[in-house]
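Hi,

Here is the structure I said I would pass on. Have a look first, and my notes follow below.

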Amino acid sequence: MSFIENITAKLGLDLGLAPLPYRAIIFGELGVYIENVKSIKSFSPLEVSILLKKGELVIKGENLSIKNYTGFDLYVLGKVKEFFYK
């Protein structure tokens, strides 16, 4: 069971009814955890572009670095100012 699945189970949410292109948790100014990652398209300390199973997610911020990438989920450290799905 993934990190997100553990959280949603504890909250009593059923996300199986509404498939999502991605799931993200922002940890204040520490970083962001993203699930359903296919690959990393580009990376810089100011922007990370991620290819998802469906679509693309762009994260903009300061001092961004990739902490952990497993081929399915990704943790980006740094001050996240915005992110958007396209």
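Let's start with one residue. Ile50 has quite a list of contacts: leaving out residues up to four places away in sequence, Ile50 touches Ile34, Val37, Ser39, Lys41, Gly55, Glu56, Leu57, Ile59 and Leu74. Keep in mind that this is a predicted model.

Ile50 also belongs to the largest nonpolar core, which has 12 residues in all.

Now for β2. Is this strand mostly covered or mostly open? Mostly covered: five of its five residues are buried. In a regular strand, side chains alternate between the two faces of the sheet. In β2, Gly31, Tyr33 and Glu35 lie on one side, with Val32 and Ile34 on the other, and all of them are buried, so both faces are covered.

Which strands does β2 pair with? One is β1 (residues 23-27), which runs antiparallel to β2 and is joined to it by five bridges. Arg23 has Glu35 in β2 as its bridge partner. The two strands form a hairpin with three residues between them, and Gly28 in the turn has a positive phi of about 55°. Another is β6, also antiparallel to β2 and joined to it by five bridges.

Cheers

Key:
Residues are numbered from 1 along each chain as its sequence is written. This is a predicted model: local features need pLDDT of at least 70, side-chain atom pairs count only at pLDDT 80 or more; totals for chains, interfaces and linings use all residues. Side-chain values use heavy atoms; hydrogens and water are left out. A nonpolar core is a set of buried Ala, Val, Leu, Ile, Met, Phe, Trp, Tyr and Cys residues joined through side-chain atoms within 4.5 Å. Buried means under 20% relative accessible area, exposed over 50%, partly exposed in between (1.4 Å probe, protein chains only). Contact means heavy atoms within 4.5 Å. Helices (H or I, at least four residues) and strands (E, at least two) are DSSP runs, numbered from the N terminus. Two strands pair if DSSP finds at least two bridges between them.
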